[in-house]
Amino acid sequence: LMERRLPFSMRDYVRNVFEHFIGRNIRSYMELACGKRDRKYFLDIANCPKRYISRESMERGDVSFEDLRKFYCDKDWMQDRIDQFEWDVKMLAKMAPYAAIQYIRKRIGYDDFIRDYAYTHHVERADLNEILAELEESAKPCSSIEEWFRHIEEYTETLRLKERQKSMDQEGVRLMTLHAAKGLEFDAVWLIEAMEGQIPYKKAKTDKETEEERRLFYVGM
């Protein structure tokens, strides 16, 4: 709707995938690829995936790969990891955002990091993969990392504006959950993702939970 310049309002909070830790991780990789060397970007992804780079090796405001090599000068195995880290960042700088995210996931090993994160933190891996899929989708139309960054800023600002305007009556498409739609009527309604596994929802395990999901679908209709 934003891209098509179609007016809309939201009844409920819409998550900003770029503010999710996965979104921040991917953006930190992109910032390094653009030549930034801020400590915060290194701290964010130095061990995503695990490289065994300590916070003590990144004490300064700006961090360089050469500084990391000096800190681990007595550890050859760490030199190899840092060399690979720097090489990967240089490779990302040559890519369009969508290809860069693919490289981060498959070549750098971020998908493996997410798998381990989901296991140790007891969260659904599918939910984390959904975040990655949304990030990839946002990057597809962008030909450069800078263009992707502009999209992120515009998207984030639009969400903030919509959140401030939530209490006002707005014309255009109204986005809401099935719960929020209860008791309301419209001339035209789109039920998004009305398919098995989404409605009834995949987390509905028991017959009682499935029946509740069906009743909720009825609310939408």
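**Entry 1: rings**

I began with Phe-65 in this predicted model, and I found that Phe-65 is buried, with a relative accessible area of 4%. The cut-off for buried is under 20%, so Phe-65, at 4%, falls on the buried side. I then looked up Phe-42, which is buried as well, with a relative accessible area of 0%.

Next I searched the whole structure for aromatic pairs, and the search gave 11 of them. In one of these, the ring centres of Phe-42 and Phe-65 lie 5.3 Å apart and the planes stand at 65 degrees, so I noted the pair as edge-to-face. Because Phe-42 belongs to helix α2 (residues 39–45) and Phe-65 to helix α3 (residues 65–71), this pair ties together parts that are 23 residues apart in sequence.

Which other ring did I find paired with Phe-65? It is Phe-85: the two centres are 5.2 Å apart and the planes are at 85 degrees, so this pair is edge-to-face too. Phe-85 sits in helix α4 (residues 76–92), 20 residues from Phe-65 in helix α3, and I wrote the pair down as a link between distant parts of the chain. Phe-85 is buried, as is Phe-65.

I also checked for charges over rings, and I found Arg-51 over the face of Phe-85, at 3.9 Å from the ring centre. Elsewhere, ring pairs join Phe-18, Trp-148, Phe-149 and Tyr-155 into a cluster, and the charged end of Arg-27 sits over the ring of Phe-149, 4.7 Å from its centre.

**Entry 2: backbone**

Before reading the angles I reminded myself that most residues other than glycine have a negative phi, and that most peptide bonds are trans.

Where in the chain is the cis peptide bond that I noted? It joins Cys-48 and Pro-49, with omega at about 10 degrees, and Pro-49 is in the loop between α2 and α3. In the loop between α2 and α3 I also looked up Tyr-52, whose phi is positive, near 65 degrees, although the residue is not glycine. Tyr-52 is partly exposed, with a relative accessible area of 47%.

Glu-193 gave me another positive phi in a residue other than glycine, near 60 degrees, and its place is the loop between β2 (173–175) and α9 (207–220). Glu-193 is partly exposed, with a relative accessible area of 47%.

**Entry 3: helices**

In helix α5 (residues 97–108) I listed the buried residues, which are Pro-97, Ala-100, Ile-101, Tyr-103, Ile-104, Arg-105 and Ile-108. These buried residues of α5 pack against α1 (21–33), α4, α6, α7 and α8 (145–164). After α5 comes Gly-109, with a positive phi near 105 degrees.

Last, I looked at how α6 (residues 110–121) meets α7 (residues 125–139): their axes come within 9 Å and cross at roughly 145 degrees, and the crossing of α6 and α7 is right-handed. On the α6 side, Tyr-110, Asp-111, Ile-114, Arg-115, Tyr-117 and Ala-118 make the contact, and on the α7 side it is made by Arg-125, Leu-128, Asn-129 and Leu-132. Sorted by class, the contact of α6 with α7 has 6 nonpolar, 1 polar and 3 charged residues.

Definitions and conventions. Residues numbered from 1 in each chain as written. Predicted model: local features only at pLDDT ≥ 70, side-chain atom pairs only at ≥ 80, totals over all residues. Heavy atoms only, no water. Axes fitted to C-alpha atoms, helices over the stretch in contact; angles between N-to-C directions. Helix = DSSP H or I, 4+ residues; strand = E, 2+ residues; numbered from the N terminus. Left-handed = near helix turned anticlockwise from the far one by under 90°. Contact = heavy atoms within 4.5 Å. Nonpolar A, V, L, I, M, F, W, Y, C, P; charged D, E, K, R; others polar. Phe/Tyr/Trp six-rings, centres within 6.5 Å; stacked < 30°, edge-to-face > 60°. Buried < 20%, exposed > 50% of the residue type's maximum accessible area, 1.4 Å probe, protein only. Lys NZ or Arg CZ within 6 Å of the ring centre and 35° of its normal.
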